[in-house]
Amino acid sequence: MDYENLIELSSDTQLEAKFRKFSLIIFWSDVFDEYPNLVKQAIRIVLPFATTYLCEAGFSKYVATKIKYRNKLDAASDMRVQLLNLTPNFKRIFESKKQVCSSH
């Protein structure tokens, strides 16, 4: 049955367009009601790659930080910034720190 569902899913041109346009998360969440078993199997196959990639990327950043700050005892604050998925607005942070320092 799953094989037939996979053939049906792969031959649907609207779903193919959605697959190309949106991220995997959005695509699979949209087809969950129609193909729940396929979605579960896709998540089981795709999820380890995403988590492995994030672990490898984090480890690489960790190694780069430890090499850069070899003589420092604590590079934890730098690691927090590097492992964030968000990019901090350093200019705004520095400006706010300047204002606080100048008011004292």
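**Close-up views of side-chain pairs**

**View 1. Glu16 and Arg20 join their side chains in a salt bridge, 2.9 Å from N to O.** A salt bridge here is a side-chain nitrogen of Lys or Arg within 4 Å of a carboxyl oxygen of Asp or Glu. The model is predicted: local features need pLDDT of at least 70, side-chain atom pairs count only at pLDDT 80 or more, and totals for chains, interfaces and linings use all residues. Residues are numbered from 1 along each chain as its sequence is written, and side-chain values use heavy atoms, with hydrogens and water left out. Glu16 and Arg20 lie 4 residues apart in helix H2 (residues 13-21), so about one helical turn separates them (helices are DSSP runs of H or I, at least four residues, numbered from the N terminus). Glu16 is partly exposed at 35% relative accessibility, and Arg20 is exposed at 66% (buried is under 20% relative accessible area, exposed over 50%, partly exposed in between; 1.4 Å probe, protein chains only).

**View 2. Lys18 and Asp30 form a salt bridge, with 3.7 Å between the closest N and O atoms.** This pair links distant parts of the chain, 12 residues apart: Lys18 belongs to helix H2 and Asp30 to helix H3 (residues 24-30). Lys18 is partly exposed at 27%, as is Asp30 at 42%.

**View 3. Ring pairs connect Phe19, Phe27 and Trp28 in a cluster.** Rings of Phe, Tyr and Trp (its six-membered ring) pair if their centres lie within 6.5 Å; planes under 30 degrees apart are stacked, over 60 edge-to-face, the rest tilted. The structure has 2 aromatic pairs. Phe19 and Phe27 have ring centres 5.1 Å apart and planes at 80°, so they are edge-to-face. Phe27 and Trp28 are also edge-to-face, at 5.0 Å and 75°. Phe27 is buried at 3% relative accessibility.

How values were computed:
Helix = DSSP H or I, 4+ residues; strand = E, 2+ residues; numbered from the N terminus.
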